[in-house]
Amino acid sequence: MPENPHHGSSDRLALVGKQVDRRLLLPVSPAADDGKDDNGAAAVINLWGQLKIPDPFVWSHAETMVSSERELDAPVVDVGAAMRGGDDDCGAGIRRAAELVSGACSSHGLFQVTGHGLDPALARAALDGAAAFFRLPLATKQRASRAPGNVTGYTAAHADRFTANLPWKETLSFGHRDRRTSGSHVVVDYFTSTLGSDFKPLGVVYQNYCNAMKEVSLAIMEVIGVSLGVGRSYYRDFFADGSSIMRCNYYPPCPEPERTLGTGPHCDPSALTVLLQDGDVDGLQVLVDGEWRTVRPRPGALVVSIGDTFMALSNGRYRSCLHRAVVHRERERRSLVFFLCPREDRVVRPPPRLLLAVAAREQQQEQPRRRYPDFTWADLARFTQRHYRADAGTLDAFARWLGAAPTCAAATSAASQSPDKAHETV
């Protein structure tokens, strides 16, 4: 594998690197400093039905370049063997799943998952719950308005944080923690405390959905561990007591979809992203060989992508997925996203066994050099919420922010030309 953790991906940074010079910033508009975005959100919601999109929603041509007619060749991985448990790393089901995951994560960082055991009725209830929430009056949704610097809450077009390159969407985000360490009702408590007791049934739906997504994510981590040669338990144990994030997305119909984006090009700062798409309305796209290729919704499958935190955990062997979301002129789109994250104070570093395995395979006398410094999820989350809008070069910029640049000169050089027009965050 090439030394550059963004190997074969010069298009990732070249695409966005020719816009403006990079700088670190505090991406909270002065108008949002008081923690109130009522007027901004109302203004955004009033735009959904208009015939023209305003300038803050217009993205550059480089970022909105035409989608390829080719669909992404993403493998479909059956994780049923991992979901069933057991101690065998060498079973045929696990081996086949690990091979498929390895190929996808070494190239574009995305695959689809079946055999996950998610109850279709629960999935439907969660999707319908999101649809019902976004149809609520704005005043009701604003009970959960996101505070500046906070990842949880409701926001329209991220207008509480940014004044340009606004995404054509609404979101509701909330946290999820391991049941064994935080109790079993953290999501329910969020809904009742922010929206009111009438929302307890919806909180129960999302509590159950998040619990299911956590189990699926840990099973996927078992498969990834086998694919990297560190065994099934290493990454599962690493994330078992993590604090993850759940997000409901709504992309309204757009009068000028060719001029804007539902989500700009970015890599997720989290470790793993598990996406459930609603129906047959596509929107997710991945950049491969200079083309934005569509990920078609597959009935019963979950879409899984690698994020920056896991790219660091794999020392760059697995690449974070550079993706975006497009919108449609007449069709609305909804999706549910579960971001798997480690515990806030857990130190993110590659397992020694992984580094030793790489050294042995490459017949090196010493361990490979680390490509990223140690960090905690709390540090990275704070960086992307308060100082930097996530894009294709987040991890390299974060390493410099920590005062320790990556050892990979190619990655550092590429990151130095990535843009200030940022895109999305967890």
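The side chain of Ser 244 reaches the backbone oxygen of Phe 339 at 3.4 Å. This is a polar contact, defined as a pair of N or O atoms within 3.5 Å; within protein, one atom must be able to donate a hydrogen and the other to accept it, and residues adjacent in sequence count only if both atoms are side-chain atoms. The model is predicted: local features need pLDDT of at least 70, side-chain atom pairs count only at pLDDT 80 or more, and totals for chains, interfaces and linings use all residues. Residues are numbered from 1 along each chain as its sequence is written, and side-chain values use heavy atoms, with hydrogens and water left out.

A polar atom of the Ser 244 side chain also lies 3.3 Å from the backbone nitrogen of Cys 341. Ser 244 sits in strand 5 (residues 243-251). Helices (H or I, at least four residues) and strands (E, at least two) are DSSP runs, numbered from the N terminus. Ser 244 is buried, at 3% relative accessible area. Buried means under 20% relative accessible area, exposed over 50%, and partly exposed in between (1.4 Å probe, protein chains only). Neighbours within four places in sequence aside, Ser 244 is in contact with Phe 174, Gly 175, His 176, Phe 338, Phe 339, Leu 340 and Cys 341. Contact here means heavy atoms within 4.5 Å.

Salt bridges were examined next. Side chains of opposite charge can pair when their charged atoms come close. A salt bridge requires a side-chain nitrogen of Lys or Arg within 4 Å of a carboxyl oxygen of Asp or Glu. By this rule the count is 24.

Arg 124 pairs with Asp 278, with the closest N and O atoms 3.1 Å apart. Arg 124 belongs to helix 5 (residues 120-134), while Asp 278 lies in the loop between strand 7 (272-277) and strand 8 (284-288), 154 residues apart. Arg 124 is partly exposed at 36% relative accessibility. Asp 278 is buried at 11%. Both residues belong to a network of salt bridges that also links Asp 128, Glu 332 and Arg 334.

Lys 141 forms a salt bridge with Glu 170, at 2.9 Å between the closest N and O atoms. Lys 141 is in helix 6 (residues 138-141) and Glu 170 in strand 4 (residues 170-177), so the pair ties together parts 29 residues apart in sequence. Lys 141 is buried at 3% relative accessible area, and Glu 170 is buried at 2%.

Asp 241 and Arg 346 form a salt bridge with closest N and O atoms 2.7 Å apart. Asp 241 lies in the loop between helix 10 (233-239) and strand 5, and Arg 346 in the loop between strand 12 (333-340) and strand 13 (347-348), 105 residues apart. Arg 346 is buried, at 18% relative accessible area.
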